[in-house]
Amino acid sequence: MTKLFSPYTIKNVTLKNRIVMSPMCMYSCIREDGKITNWHRTHYTSRAVGQAGLIMLEATAVQPEGRISTKDLGIWSDEHVEGLTEIVALIHEHDSKAAIQLAHAGRKSTVPETIYGPSPLPFNDHSKQPAEMTLDDIQNTIISFKQAAARAKEAGFDVIEIHAAHGYLLHSFLTPLANHRTDAYGGTAENRYRILGEVIEAVKSEWSGPLFVRISASDHHSDGLDWQDYVPYVREMNTQGVDVIDCSSGGAVETSIEVYPGYQVPYADGLRREGGVPTGAVGLITTGKQAEEILRNERADLIFLARALLVNPYWPLEAARDLNVKLPAPDQYDRAW
């Protein structure tokens, strides 16, 4: 049995393989109410038909002002639960597990409401200036993550991921590039971690299932964070009960990033070794053999696919063929593979 197509158990959840559909913003809530549409039903179910082990929904906002755009998915209201429950059921029909990424866009939000950040620093020259979050704002946001976790549980999701990457709210607290605070939520590395640690605890108060955190393991900037800076953070997350670190990078500020196949895999590798926690590798992983090498050499525990699954919902079936593995493909597709 190949590693890529071996099962992987996290707490009480077993994935049938190590292929994870990475969360990708789709900007398809056409009514701007954050609710599931037919497009989402088709998009996510297709990847489950294609045999990905875990289907993770896009960044889903815990507050209206926490949306990246007005067309983002939401989980800030009980009214969102019905549509999310339907998506989970559709994914489960095809023997895949369902995950949701809980998110707050922070200073990178483009919604018309007031937007928020750790400090009143706009993301770039074309962005709105965020309001510096008060202590009440911070506590209200933590409560929103907690309430979102309860709704995710009600909807039947198997996995929750907290979005602390790509320059969005929780990442912007972590990085000194965006956090210039001098109170308990800024200044030292310990203080900059505080809000993420409190969000993790708040989510766990409602959620006992597998918990992932997505991080930007490098800011790709000389004044920002690199993966070595994340080692103590990852160790703390491990102590708090986080099960998997999803290792992406960038997004805190506009900067040039040199990309090439597997360019982010060293972050998953390093943090897995130094942080003592399972990791997911993401970033221009395009073939089954490439994914198998990452897993066989113990550089990561899960393979997160974004562009590859966006272009080809049936990537797992192609990867299986590449690795000479016979998958129990749906009857409708079996003859083709």
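Reader: How many bridges join strand E9 to strand E10, and in which direction do these strands run?

Author: In general, strands of a sheet pair through backbone hydrogen bonds, and the pairing is either parallel or antiparallel. In this model, which is predicted, strand E9 (residues 211-216) and strand E10 (residues 244-248) run parallel and are joined by five bridges. Within this pair, Val213 has Ile245 of E10 as its bridge partner. Helix H6 (residues 227-240) packs on the sheet and touches both E9 and E10, and its direction makes about 170° with that of E9.

Reader: What do the strands close into, and in what order?

Author: Eight strands close into a barrel, in the order E3-E4-E5-E8-E9-E10-E11-E12, with parallel pairing. From one strand to the next, the twist averages 25°.

Reader: Which residues of E10 are buried on each side?

Author: A residue counts as buried when its relative accessible area is under 20%. On one side of E10 these are Val244, Asp246 and Ser248, and on the other Ile245 and Cys247, so that both faces are covered. Because five of the five residues of E10 are buried, this strand is largely enclosed by the rest of the structure. The chain reaches E10 from E9 by way of H6, in a β-α-β crossover that is right-handed.

Reader: How many bridges join E10 to E11?

Author: Three bridges join E10 to E11, and the two run parallel. Opposite Cys247 stands Ala281 in E11. Between E10 and E11 the chain passes through H7, and this β-α-β crossover is right-handed. Helix H7 (residues 265-275) lies across E9, E10 and strand E11 (279-282), and runs at about 170° to E11.

Reader: At what angle do helix H2 and helix H3 pack, and how far apart are their axes?

Author: Two packed helices are described by the angle between their axes and the distance between the axes. Helix H2 (residues 81-92) packs with helix H3 (residues 135-155) at an angle of about 45°, and their axes are 8 Å apart. That angle makes H2 oblique to H3. The crossing in which H2 passes H3 is right-handed. Val81, Leu84, Thr85 and Val88 of H2 make the contact with Arg151, Glu154 and Ala155 of H3.

Reader: Where does Gln51 lie, and does it count as buried or exposed?

Author: Gln51 lies in the loop between helix H1 (38-49) and strand E4 (54-61). Gln51 is not a glycine, yet it has a positive phi of about 85°. With a relative accessibility of 7%, Gln51 counts as buried, whereas Lys11 is partly exposed.

How values were computed
Residues are numbered from 1 along each chain as its sequence is written. This is a predicted model: local features need pLDDT of at least 70, side-chain atom pairs count only at pLDDT 80 or more; totals for chains, interfaces and linings use all residues. Side-chain values use heavy atoms; hydrogens and water are left out. Two strands pair if DSSP finds at least two bridges between them. Helices (H or I, at least four residues) and strands (E, at least two) are DSSP runs, numbered from the N terminus. Axes are lines fitted to C-alpha atoms, for helices over the stretch in contact, and angles run from 0 to 180 degrees between N-to-C directions. Contact means heavy atoms within 4.5 Å. Buried means under 20% relative accessible area, exposed over 50%, partly exposed in between (1.4 Å probe, protein chains only). A crossover is right-handed if, with the strands pointing away from the viewer, the path from the first strand over the helix to the second runs clockwise. Angles under 35 degrees count as roughly parallel, over 145 as roughly antiparallel, 65 to 115 as roughly perpendicular and the rest as oblique. A crossing is left-handed if the near helix is turned anticlockwise from the far one by less than a right angle, and right-handed if clockwise.
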